[in-house]
Number of protein chains: 2
Amino acid sequence: MSQAKAAQKALALAPGRERNRALLAMADLLVEETEAVMAENRRDLEAAGQEGLSGPLLKRLELTPKKLSELAEGLRQVARLPDPLGRGEGRRQLDNGLKIEVVHVPLGVIGLIFESRPGVVVEAAALTVKSGNAVILRGGHEAQRSNQALVQLWRRALGSAGLPEDAVQLVPSTDRQYVEGMMHLRGLDLLIPRGGAGLINRVVHEATVPVIETGVGNCHLYVHRAADLNMAAHILRDGKVGNPAVCNALETLLVDRAIKEQFLPLAWETLREDGVVFHGDEETRALLSDAIPATEKDWAEEYLSLDLAVKIVDGLEEALAHIARYGSGHSEAVVTNDYAVGQAFLDSVDAAAVYWNASTRFTDGFQFGLGAEVGISTQKLHARGPMGLEALTTVKTIAYGQGQTRDL
Amino acid sequence: MSQAKAAQKALALAPGRERNRALLAMADLLVEETEAVMAENRRDLEAAGQEGLSGPLLKRLELTPKKLSELAEGLRQVARLPDPLGRGEGRRQLDNGLKIEVVHVPLGVIGLIFESRPGVVVEAAALTVKSGNAVILRGGHEAQRSNQALVQLWRRALGSAGLPEDAVQLVPSTDRQYVEGMMHLRGLDLLIPRGGAGLINRVVHEATVPVIETGVGNCHLYVHRAADLNMAAHILRDGKVGNPAVCNALETLLVDRAIKEQFLPLAWETLREDGVVFHGDEETRALLSDAIPATEKDWAEEYLSLDLAVKIVDGLEEALAHIARYGSGHSEAVVTNDYAVGQAFLDSVDAAAVYWNASTRFTDGFQFGLGAEVGISTQKLHARGPMGLEALTTVKTIAYGQGQTRDL
């Protein structure tokens with residue numbers, strides 16, 4: 001921790017050009033050292049295969065030359081973004097002549113607990129290095145060799161830019177005790193848990209360091225009676241089938257009673273070849289004989305699979321009430337051509353992102369133009385939605401005086 | 001809580017004009033009902049006197065016609081500030097035509113635990129009402145009658161503006177169990193503890209709702225060798241004597257060795273008539289025979305009294321190291337005419353506010369032009385320094401599409 005603190009201090013005081021130089025050096029190293037990284041990745045994949053890891057999970061773990069070159073391109077994009085540090089919000093001069101300004105500075109030392117995708121080492125550290133923060137990473141045990149290889153490259157990249165290598169660190173082992181340790185690590189300025197709901201809940205409730213909650217997305221699509229039904233079906237399929245395992249995927253479909261006879265068969269036609277299983281309320285099942293019964297549990301669940309909960313609602317008010325009760329504050333969408341209904345949905349839904357006639361799948365740092373993301377915050381304090389460079393800064397007020405005092 | 005939630009929803013959707021109308025109505029009521037409020041305040045004062053409350057504490061509890069009219073003027077100032085809600089950070093259009101914008105929205109229901117000053121009911125609720133949040137207040141037991149009277153006025157003011165009265169609530173009794181209850185109140189979006197270090201630490205560590213830490217200020221003044229020594233003495237006296245009981249008061253003086261013979265006698269001359277007690281290191285005591293020995297505890301303590309810790313340092317580096325080790329991240333000041341030293345101090349000190357040739361006492365929502373404050377955050381996440389209207393908002397991303405999908 002003391003090394004991380006010292007490294008962070010040096011990084012924070014380094015000009016943006018030097019921090020960008022480290023990102024560009026890392027981009028070059030990812031290309032130059034592709035074979036070395038992939039050798040470590042193959043060892044991870046072999047071990048994971050022996051442990052019985054299945055198809056999609058192996059896919060997440062796998063690095064390819066194409067993935068590495070995309071990560072390199074991502075680094076170059078982040079390097080091109082404006083420097084998040086030093087930016088002021090506009091100077092003010094008080095009546096007594098004191099000049100004050102709120103300026104953006106790094107948070108400090110950030111901990112990140114993440115799952116099996118080693119690319120996170122590149123993307124997250126790109127943001128922390130660029131924003132003058134040190135990062136302590138703890139990845140999934142199945143990716144530890146890949147992660148170590150990538151962190152070694154970061155250390156070389158930082159060194160070649162004249163910056164302290166300890167600004168990017170990986171915990172030495174993936175033993176559970178390190179998660180425990182990070183939750184109570186004195187001096188850690190922020191801990192971001194990414195992964196399953198179990199891990200996130202544990203960290204949020206037990207940690208004594210500041211935490212930002214990420215990820216759980218019980219996202220809804222509300223199809224209003226004035227919707228373009230083909231558009232609605234298209235958005236539904238994108239949200240449910242595009243990548244069901246991610247937090248911005250759709251979990252529940254809410255359909256206006258007035259159009260249930262038209263829309264439900266269309267939804268079924270659109271999704272059944274993808275293997276989507278409908279969990280419907282009674283009215284839904286009366287129209288779709290293939291739907292299985294939905295229970296209370298279905299409304300609350302983030303399936304992360306090809307399951308879809310379906311409920312018929314009376315109109316906007318009932319849709320809003322359902323979302324307020326079961327939504328996780330991540331991403332919510334409405335399809336309608338009715339101006340008043342669309343605006344009311346945008347105004348009333350309390351979530352990180354609210355979509356009118358578009359897919360919830362856009363809630364993502366790359367899509368939002370942040371260059372990358374360290375996670376998607378589902379809390380309201382500090383950051384909400386995809387967290388990019390600005391979410392990794394705090395502010396300080398600086399004041400230039402000529403001896404001003406207040407009470408004398 | 002459910003009433004607060006419902007009230008908050010209505011308040012959030014009300015236009016700024018109506019929220020301002022409630023603030024102006026409250027300002028009028030404070031003037032019209034001065035006598036009624038003061039009658040309740042007198043009952044609090046009598047009871048507090050019987051409980052043996054001392055001078056300064058009675059002073060904090062006391063309301064006067066002058067104080068009430070200042071509070072009314074403060075409400076009118078807050079009403080004139082720009083609406084913090086609905087403000088967007090600039091619309092972006094993605095390559096696919098999707099239009100997204102990050103807009104400011106209320107946090108929701110906010111809890112505030114505060115001490116004996118009943119004016120907080122007026123100031124804090126001015127900010128929460130203006131920013132579309134509901135507030136649940138829990139004040140000190142000695143001010144409960146005054147607080148009840150003021151909350152009753154808020155309810156009338158809200159009602160007269162056509163807004164829900166439950167947007168400003170006071171817990172029915174000051175029993176300790178309500179602090180406990182607020183720390184675990186499901187649905188509370190933010191809890192702000194104001195008061196002693198014991199209360200704040202307890203809430204920060206035990207609460208399961210989101211908390212913003214306020215207040216502890218172990219503030220330093222570093223007098224560099226190139227300082228205008230008279231200016232330094234003036235700033236020192238303002239910081240130590242102006243109001244020693246507040247968090248932005250000075251606690252420790254750091255003096256360059258090169259000027260100790262000149263500055264220490266001047267500091268002593270400047271402060272001794274005010275009754276300031278110097279706690280000095282060995283070098284200080286060699287020059288000031290009246291100083292008592294400083295121990296490790298003195299460097300870490302927020303005295304909140306007419307005590308001052310004094311340490312001789314070798315120069316900037318030692319001053320920065322001392323502040324990094326003992327500072328609470330509130331407010332720090334340097335006095336110097338050396339450009340490089342001043343800039344390095346502003347850059348290197350990690351605190352909510354950093355002053356060059358000015359008093360730390362300016363760290364305050366009114367002074368900073370926020371109209372008022374709900375507290376001074378000493379944490380880095382969400383808000384840092386005085387918290388005004390913007391600190392009571394979060395963001396949501398709204399997106400206007402024409403059927404955009406991501407993967408299809």
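A: Here is a walk from the overall fold down to two individual residues. Keep in mind that this is a predicted model.

Laid along its principal axes, the C-alpha trace of chain A spans about 70 × 65 × 35 Å. Of the 408 residues in chain A, 52% are buried. As for contacts in chain A with a separation of 6 or more, 70% come from residues 24 or more positions apart.

Now zoom in on Leu304(A). Its phi is near 55 degrees, a positive value in a residue other than glycine. You'll find Leu304(A) in the loop that runs between α13 (296-300) and β11 (307-313) of chain A. Leu304(A) has 17 other C-beta atoms within 10 Å, so it counts as partly exposed.

Over in chain B, have a look at Asn357(B). Here too phi is positive in a residue other than glycine, with a value near 60 degrees. Asn357(B) sits in strand β13 of chain B, which covers residues 353-358. With 22 other C-beta atoms within 10 Å, Asn357(B) is buried, because the cut-off for that is 20 or more.

Side by side, then: Leu304(A) is a loop residue that is partly exposed, whereas Asn357(B) is a strand residue that is buried.

Note on methods: Residues numbered from 1 in each chain as written. Chains lettered and ligands numbered in written order. Predicted model: local features only at pLDDT ≥ 70, side-chain atom pairs only at ≥ 80, totals over all residues. Buried ≥ 20, exposed ≤ 12 C-beta atoms within 10 Å, placed from the backbone. Contact = placed C-beta atoms within 7 Å. Helix = DSSP H or I, 4+ residues; strand = E, 2+ residues; numbered from the N terminus.
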